[in-house]
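Visitor: I have a structure here that I would like to understand. Could you walk me through it?

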Amino acid sequence: MVLPPLALAGERENLMKNMPNEFKPRARKDGLVVRELADELLVYDRERNQAHSLNETAALIWKHCDGNSTIAQLRSLLETEAGASIDEQVVWYALRKFTKSSLLEEPFKASAGERRVSRRELIQTIGLAASVPLVATIIAPNVSAAASCTQSCSSPVNCTVPGCPVCPNGGPTCAAS
Amino acid sequence: MNPSSGLVASLLYSSWRVHAPSSQISEEELANIVPLLTGSGASALAWARIRDSHLRDSATAVELQQAHRLHAVHAAAFEEDITTVFTLLQNAGVEPILAKGWAVARLYPDTSLRPYGDIDLYVRPGQYQSATRALASAEGKRFVVDLHDRFDSSDGSSIDDLYQRSQLVSLGDARVRVPSHEDHLRILCLHFLRHGAFRPLWLCDIAVAVETRAADFDWKICLGKNARRADWIACSIGLAHRLLGANIDDTPVANRAKTLPVWLISNVLKQWETPYSMSQPPVSYAAPMSKYLRDPRGLLADLRRRWPNAIEATVYTGGPFNELPRWPFQIGECIIRAAKFLARISS
């Protein structure tokens, strides 16, 4: 892409950063809590109160989004891990998913002419569903934490445990609403 | 045996172990008890029993797996919070002891198996005000802390004894004070009974605490000097053995497990049919008693709801766990509560 000659340095830098080939994604850290399970990485966004599950491919890419690696380098890393040729679309696809889930410091913006591939197209291209980076938002069933509503109270002000906000009849114990 | 709670017990059987055997439960049976599991915080343990079974990819199992994932991230978030709260309190000159919650979750193969909703802290009475102030600060308000200045599960032991026997354990880069194995098992057992044994997860806690006890575990400290309380604790551990398969060989309570009162087991299973906070008193009451003083309509129906659980009533009145009927203790609890209510309104 040829940049307009009069572009200011800052604008030029922003444009460069947002070009897919020059973009150096940086994984968000603040406000996120990460936990690894057997074959997935769980990321909890405390600011948005959302949890995401990243499969192994997505986790590998996300962990290497250090702000220094370009998309080509991320692809190369994936190729090393997989021992096979990987299409750059795989990385782009992952970055779009990360952006959608607010897992990057700066959102990944596709270039104007880029065609967004779907998951199905990606599977057809790379041939192995397991290699497609997946980021799934965790939707909980009616999960109950095990707080036991044992907090003492004389008024609702004393009841700070979620799920036990009521001080029935002026105490002596907080209860669920 | 109550059909649903019996299934819950069989699914949670040895679920806290590193290599929990796969359950043979059918998909239909599992679907029937999923609300009981997810509603009581036992879904991750249930997932541990079926993740290597033929049910792994069933829609019902996916629900349990999602709950497990959620517990995992919440556990990670809580662990951050606990270290921050400890630092906050230590900076205020308070040395807290963490019980239940993470302190018991750490005994499981993975803390994500045992969810919790708050941070239970014990502090010395003299430090209670400082702790309250620190937790009421802008930073402290962010955390869900249940602060205690009394160690009411003790048996003549003071909170100083609790401190003396407590242990420091690692949580990430931090060191967190938790009760000794003996005190903690005692706390877990008495807490389970005081709340009428309504959550199966609490019996899993007792099972895991027994099985992971230290080699030098002192049963005298755990059971205490009061024979009746010691028997309550022995019965709780016996329940963990009879209902969930806890290994209690080589313990002084092994014989008691063989002679548990019939009403005790049936009452626990009855409670597990509705293991939700919403089903427990006082939330299950239609209205506060003070309302009926003004308008007695509905009182009779509500009195039936207020009939106490046999386990809770026995512990509340300090009764023995024997084969005799429970109604005297249940009536006793009603009388004591009524007296307290009358004393409160008259003052």
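Predicted model: local features only at pLDDT ≥ 70, side-chain atom pairs only at ≥ 80, totals over all residues.

Visitor: What box do the C-alpha atoms of chain B fill?
Guide: Take the box along the principal axes. Its sides are then roughly 55 × 55 × 40 Å.

Visitor: What percentage of the residues in chain B is buried?
Guide: A residue is buried if 20 or more other C-beta atoms lie within 10 Å of its own. Of the 347 residues in chain B, the buried share is 49%.

Visitor: How many helices and strands are there in chain B?
Guide: Chain B holds both kinds of element.

Visitor: Which strands stand at the edges of the open sheet in chain B?
Guide: The sheet has three strands in the order β1-β2-β3, with mixed pairing. An edge strand has a single partner strand, so one side of it is left without a neighbour in the sheet. That holds for β1 (97–99) and β3 (145–148) of chain B.

Visitor: By what angle are neighbouring strands of this sheet turned against each other on average?
Guide: Direction is ignored here. The average is 35°.

Visitor: Which residue in β2(B) is the bridge partner of L98(B)?
Guide: β1(B) pairs with β2 (residues 119–122) of chain B in the antiparallel sense, over three bridges. The partner of L98(B) in β2(B) is L121(B).

Conventions. Residues numbered from 1 in each chain as written. Chains lettered and ligands numbered in written order. Pairing = 2+ DSSP bridges. Helix = DSSP H or I, 4+ residues; strand = E, 2+ residues; numbered from the N terminus. Axes fitted to C-alpha atoms, helices over the stretch in contact; angles between N-to-C directions. Buried ≥ 20, exposed ≤ 12 C-beta atoms within 10 Å, placed from the backbone.
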